[in-house]
Amino acid sequence: MRYGPSNLIGDGQHQGLARGFEIGMRFHSAPVVRLADGKPMHLGHVVKADARWRLFAFADAALPDDETSRLAALDGFLEKDPASPLRRHTPQGANPDSVIDCRAVLQQGFRETDITSLPPLFRPAKGTFGLTDYEKAFCPDLKSGADIFDLREINRDEGCLVIVRPDQYVAKILPLDGFDELTAFFSRILLPAR
């Protein structure tokens, strides 16, 4: 089944950034390695059907702690800007991923990146005790030869943001710096938090 453009499905303007994640179609899994512990897994299997929206940030080629990193700029917007969908739609006192769950997929292998170099959004403190969630960042599974960036035809220079609905259909694809479009998308479908 393929959904056409609507408030819940984008128009495909940025489809070229990730041709392998067709807008309006189910989010297709691919092999990855979890950055925190090097565990091979499938990206589509790490999320549960729990009514949350997903933002999969496929990083540009820069290291996550580099000043030119678009992933770091996305983190700055989502965590600090008043227009951020996370700030606008997450209830006060709730876990930062309770409405919109953000995950990162880096281009570097898991041995080439230190998890502490990730922006805080992708290793958030959660729960009563503020424990760090280390299960939000992934790398290509280069050992199996199936690089997710190649499999899903993701633009390596720019990276992209893939918005996935709670039913695991791809809703929209945006550039990593498409902040206004991201805000507008969620403003049409989610109410501001009280």
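**How do the two helices lie?**

Why are α1 and α4 described as oblique to each other, rather than parallel or perpendicular? Two packed helices are described by the angle between their axes and the distance between the axes. Helix α1 (residues 70-80) and helix α4 (residues 179-189) pack at about 40 degrees, with 11 Å between their axes. Here axes are lines fitted to C-alpha atoms, for helices over the stretch in contact, and angles between N-to-C directions run from 0 to 180 degrees. Angles under 35 degrees count as roughly parallel, over 145 as roughly antiparallel, 65 to 115 as roughly perpendicular, and the rest as oblique. The two helices α1 and α4 are therefore oblique to each other.

**A word on the model**

This is a predicted model, in which local features need pLDDT of at least 70 and side-chain atom pairs count only at pLDDT 80 or more, while totals for chains, interfaces and linings use all residues. Residues are numbered from 1 along each chain as its sequence is written, and side-chain values use heavy atoms, leaving out hydrogens and water. Helices (H or I, at least four residues) and strands (E, at least two) are DSSP runs, numbered from the N terminus.

**Where α1 meets α4**

The crossing of α1 and α4 is right-handed, meaning that the near helix is turned clockwise from the far one by less than a right angle. From α1, the contact (heavy atoms within 4.5 Å) uses Ala73, Leu74, Phe77 and Leu78, and from α4 it uses Phe179, Leu182 and Thr183. Of these residues, six are nonpolar, one is polar and none is charged. In this grouping, Ala, Val, Leu, Ile, Met, Phe, Trp, Tyr, Cys and Pro are nonpolar, Asp, Glu, Lys and Arg are charged, and the others, Gly among them, are polar.

**The buried faces**

Let's look at which residues are hidden. Buried means under 20% relative accessible area, exposed over 50%, and partly exposed in between (1.4 Å probe, protein chains only). In α1, the buried residues are Leu71, Leu74, Asp75, Phe77 and Leu78. Seen down the axis of α1, these fall within an arc of 165 degrees, so they line one face of the helix. The arc is that of the directions from the helix axis to the C-beta atoms. Packed against the buried residues of α1 are β3, α2, β4, β8 and α4.

Helix α4 buries Leu182, Thr183, Phe185 and Phe186. Down the axis of α4, its buried residues fall within an arc of 160 degrees, so they too line one face of the helix. Their cover includes β3 (53-58), α1, α2 (85-89), β4 (100-105), β8 (160-164) and β9 (170-174).

**Residues in the loops**

Most residues other than glycine have a negative phi, and most peptide bonds are trans. Ala51, in the loop between β2 (40-42) and β3, has a positive phi near 75 degrees. Ala51 counts as exposed, at 62% relative accessibility. Glu153, in the loop between α3 (148-151) and β8, has a positive phi of about 50 degrees. Glu153 is partly exposed, with a relative accessible area of 46%.

Gly178 sits in the loop between β9 and α4 and is buried, at 9% relative accessibility. Gly178 and Leu161 are 17 residues apart in sequence, and their C-alpha atoms are 8.4 Å apart. Leu142, in the loop between β7 (137-140) and α3, is partly exposed at 47% relative accessibility. Leaving aside neighbours within four places in sequence, Leu142 is in contact with Gly109 and Asp147.
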